[in-house]
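Subject: Structure handover

Hello,

Here is the structure for you to look over. My notes on strand order and helix packing follow below it.

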Amino acid sequence: MVRKKYTFQQVLHAVVVTAVCVLGLSVQRATAEPYTIGIVPQFDSRQLSATWTPIIDYLESETGYDFTFVGSPRIPEFEVAFKNGEFDFAYMNPYHVLRAAEAQGYQPLVRDGGRKLYGVLVVQKDGPIQDMSDLNGGQIAFPAPNALGASLMMRALLVREHGLDFQSVFVSTHTSAYMNVALGQADAAGGVQSTLNQLAPEVRERLRIIYETPKVEPHPVVAHPRVPDAVRDAVRDAFLKLGQSEEGLALLAPVPMKMPVPATYNDYLPLSVMGLEVFYVKSGL
């Protein structure tokens, strides 16, 4: 075999071209817009930021990509944003998955494999409400119309299974709904077990669970189809890696997510046959 000989000038030119290409890629990556992550506002903005900022910092260090936390003041604003495709990634409730896939093609990446999602209806611990029939004609606080376990499933079941006639009051967050009951401003409140567990003890002790919904797969992290496969895979793998250490699980605990596992759209298909669309309120902001 005859080996081709290169002059010093040819070798130097090749090195310079390679260096310029690598530098160009580095500059392009450094100046690229960060990927946005929208979080459903179950809690107030301070609590959401305290929960997700360390996770986003971890994602950046683990994947090498830049991410920006995007908050929404209320769930309706969050719904409008994902329907418009404003988030590259998002953490959303299970029924939102169906709507987001329909509107923009969002697909689940990872979810909690250590628990199920279910709604809880709470009343004052020492109040006058003793059974479900006592809520007929009463006022029930919900975080938002389309919060799945706390409101959407809950309202459907209260009407269809218990035949209740009640006034729905939407108060933006789970915490606000619970506080309305604790302060005597509502007869009951819809929430989910995970957010109830995170209440301040002095508030939690004033409440009593009177009803629970059936259990479904919990909130996933989803990705918009415009996100490159390599980036989606890196984010999914980073979340799964968090489940392999005590430090990682501690980061996920406030979400709450006990054990991250891969998620698919099929995990949420059972929700499509529950007839929840009758109670779903379209956001028109």
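The sheet comes first. In this predicted model, 5 strands form an open sheet in the order β7-β6-β8-β5-β9. The pairing is mixed. β7 (167-170) and β9 (207-212) are the edge strands. Each has a single partner strand, so one side of each lacks a neighbour in the sheet. On average, neighbouring strands are turned by 35° against each other, ignoring direction.

β5 (residues 119-124) and β9 run antiparallel and are joined by 5 bridges. Within this pair, V120 stands opposite E212 in β9.

Two helices belong with the sheet. Helix α5 (residues 148-160) packs on it and touches β5, β6 (139-142), β7, β8 (188-192) and β9. The direction of α5 makes about 80° with that of β5. Helix α6 (residues 174-182) lies across β5, β6, β8 and β9. Against β8, α6 runs at about 150°.

Now a helix pair. The axes of α2 (residues 45-63) and α9 (residues 229-242) come within 10 Å. They cross at roughly 115°, and the crossing is right-handed. From α2, the contact uses W52, I55, Y58, L59, E62 and T63. From α9, it uses A234, V235, A238, F239, K241 and L242. By class, that contact has 9 nonpolar, 1 polar and 2 charged residues.

Best regards

Terms used:
Residues are numbered from 1 along each chain as its sequence is written. This is a predicted model: local features need pLDDT of at least 70, side-chain atom pairs count only at pLDDT 80 or more; totals for chains, interfaces and linings use all residues. Side-chain values use heavy atoms; hydrogens and water are left out. Axes are lines fitted to C-alpha atoms, for helices over the stretch in contact, and angles run from 0 to 180 degrees between N-to-C directions. Helices (H or I, at least four residues) and strands (E, at least two) are DSSP runs, numbered from the N terminus. A crossing is left-handed if the near helix is turned anticlockwise from the far one by less than a right angle, and right-handed if clockwise. Contact means heavy atoms within 4.5 Å. Ala, Val, Leu, Ile, Met, Phe, Trp, Tyr, Cys and Pro count as nonpolar, Asp, Glu, Lys and Arg as charged, and the others, Gly among them, as polar. Two strands pair if DSSP finds at least two bridges between them.
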